[in-house]
Amino acid sequence: MNDDSLIARYRYGAQYVGDFQALRSDIAAKTFIPHQVEFQPPPRGRKICWLDCPYCYGGSAHDDGRRLSKSRALEVMAQIAQGGVKKIIFAGYATDPLNCEYIDDLLRATIDSGQIFGFNTKALKLSEAFLGQLSRPDIAPQSYMSISVDAGCNEVYNAVHDVRGNAKLYDRVLQCITRAGAARRANGNLFDLSATYLINGRNHDVAQVQRFIRDFKAAGCNMLRFAFAQPPRGIETADGVVPTADDVRLYGEKLRPVIAAADSAACTTMLVDADSDHDIYDKARTVPCFARFSYPTVGFDGWLYHCSQSSAPNFHGMAIGDLNSDDFWPLLYDYDGERLGDYFSACGLRMNQEGCRCDRKEHVLNARVIASGAFDDLVVK
Ligand SMILES: C[S@@+](CC[C@H](N)C(=O)[O-])C[C@H]1O[C@@H](n2cnc3c(N)ncnc32)[C@H](O)[C@@H]1O
Ligand code: SF4
Ligand code: SF4
């Protein structure tokens, strides 16, 4: 049976901050500990991602060739754990965490430290060593693996992700998730297993959606989430790749009953339209930005960034620093805690200049902190 906190997290409603006044004091005193750190492990090979999804948030990411080495990544992970961070999310901006040759070591280190893990991945490959980690009896509660699928058959999978040819990638992902589902069952369902589906002009067919639901329930998922792609930063998308506001309404009307009918206690199945819920359709960013204090991000190049959506070399101008040469906590606390007004103004200006775009959790967190009023005297809204 799924609990309310899992459902809230998949509705972009996770409570990253409990006490806003305490957050403010902790930021000033440099005693805050981020709710989570996102780790975006470096890719194998020269190409940064194994797919070129046309809707990808990170489609305009630069690559300067630098990669975080395995030994330094494990050192940084140890620093993060020793400082008290309880949750590590493995994901990417323009990369995939399972396309990293040392991902098994990173997962082992996370579980060994007693930390919660999370994965956002396409799961095109899962090694035996990785599955071995997923079978461990000491996985921290609330750990999860979330696989973005966006289709219910091979042809539509390839169309949605701009894959040329007849590769059977949908079958491959389904096979990987079935194995992850078996590992989950074997250890008593210690982590959540979810599949997600971004609805657009290429995959909004009812039969397609029903096949996805049938297949991924059978694979052992306990959460299926449908949502709509946000316009990505800095790239033009072809028609049908990112739904317009009208598309969102039409697809929602058509698919909401189908999705609701599949909802069950064992596998929550839901459509989340966070842009309408939070009035952020096509909005670039919500500032002042509090991401650094809640979920800073280690990029594939080994730099420390404010968030998962500003984590490639083209954001070095507003990044926190370089973990290849500097340690995690000194970098994170490297600002003037006595001049927070100046800090937030300078950051906001740089973010506008660099043109970062918040994802939904980032809009929602920044808006909640701003609405709390705890920083009103420091920042111009
Ligand atoms: C950027 S991807 C990185 C991890 C992995 N490569 C993957 O695709 O799952 C992280 C999540 O963002 C989602 N995503 C990518 N571009 C998006 C967009 N423009 N709007 C909404 N979600 C997006 C993906 O579907 C995935 O669930
Ligand atoms: S959505 Fe994920 S898999 Fe697709 S290109 Fe972006 S980072 Fe790679
Ligand atoms: S994308 Fe949003 S959360 Fe990330 S740095 Fe920019 S304003 Fe902050």
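Where is the place of Asn 324? Asn 324 is in the loop between strand S10 (321-322) and helix H12 (328-332). Helices here are DSSP runs of H or I with at least four residues, strands are runs of E with at least two, and both are numbered from the N terminus.

Before I go on, some housekeeping. This is a predicted model, in which local features need pLDDT of at least 70 and side-chain atom pairs count only at pLDDT 80 or more, while totals for chains, interfaces and linings use all residues. Residues are numbered from 1 along each chain as its sequence is written, chains are lettered from A and ligands numbered from 1 in the order in which they are written, and side-chain values use heavy atoms, with hydrogens and water left out.

Back to Asn 324. Asn 324 counts as partly exposed because its relative accessibility is 25%. Buried means under 20% relative accessible area, exposed means over 50%, and partly exposed is in between, with a 1.4 Å probe and protein chains only. Leaving out residues up to four places away in sequence, Asn 324 touches Arg 66, Arg 67, Leu 68, Arg 72, Asp 301, Gly 302 and Trp 303. A contact means heavy atoms within 4.5 Å. From Asn 324 to Leu 304 the C-alpha distance is 9.4 Å, and the two are 20 residues apart in sequence.

Another loop residue is Ser 310, between strand S9 (303-305) and S10. Ser 310 counts as buried because its relative accessibility is 2%. Its contacts, not counting residues up to four places away in sequence, are Tyr 305, Phe 315, Met 318 and Cys 356.

Cys 356 brings us to ligand 3, as one of the closest of the 14 residues that surround this ligand. Nonpolar covers Ala, Val, Leu, Ile, Met, Phe, Trp, Tyr, Cys and Pro; charged covers Asp, Glu, Lys and Arg; the others, Gly among them, are polar.

Which residues surround ligand 2? They are Cys 49, Leu 51, Cys 53, Cys 56, Ala 94, Thr 95 and Lys 122. By class, the shell of ligand 2 has 5 nonpolar, 1 polar and 1 charged. Cys 56 lies in the loop between strand S1 (37-39) and helix H3 (70-82). Its relative accessible area is 22%, so Cys 56 is partly exposed.

The largest nonpolar core has 119 residues, and Phe 39, Leu 134, Met 145, Ile 177 and Phe 216 touch the most other members. Helix H7 (residues 169-186) gives the most to this core, with 8 residues. Such a core is a set of buried Ala, Val, Leu, Ile, Met, Phe, Trp, Tyr and Cys residues joined through side-chain atoms within 4.5 Å. In soluble globular proteins, nonpolar side chains tend to be buried together.

Last, some backbone details. Val 287 and Pro 288 are joined by a cis peptide bond, with omega about 5°. Gln 142, which is not a glycine, has a positive phi of about 80°. Is Asp 150 buried or exposed? Asp 150 is buried, because its relative accessible area is 0%. Its phi is also positive, near 65°, in a residue other than glycine.

Definitions and conventions
A residue is near a molecule or strand if one of its heavy atoms lies within 4 Å of it.
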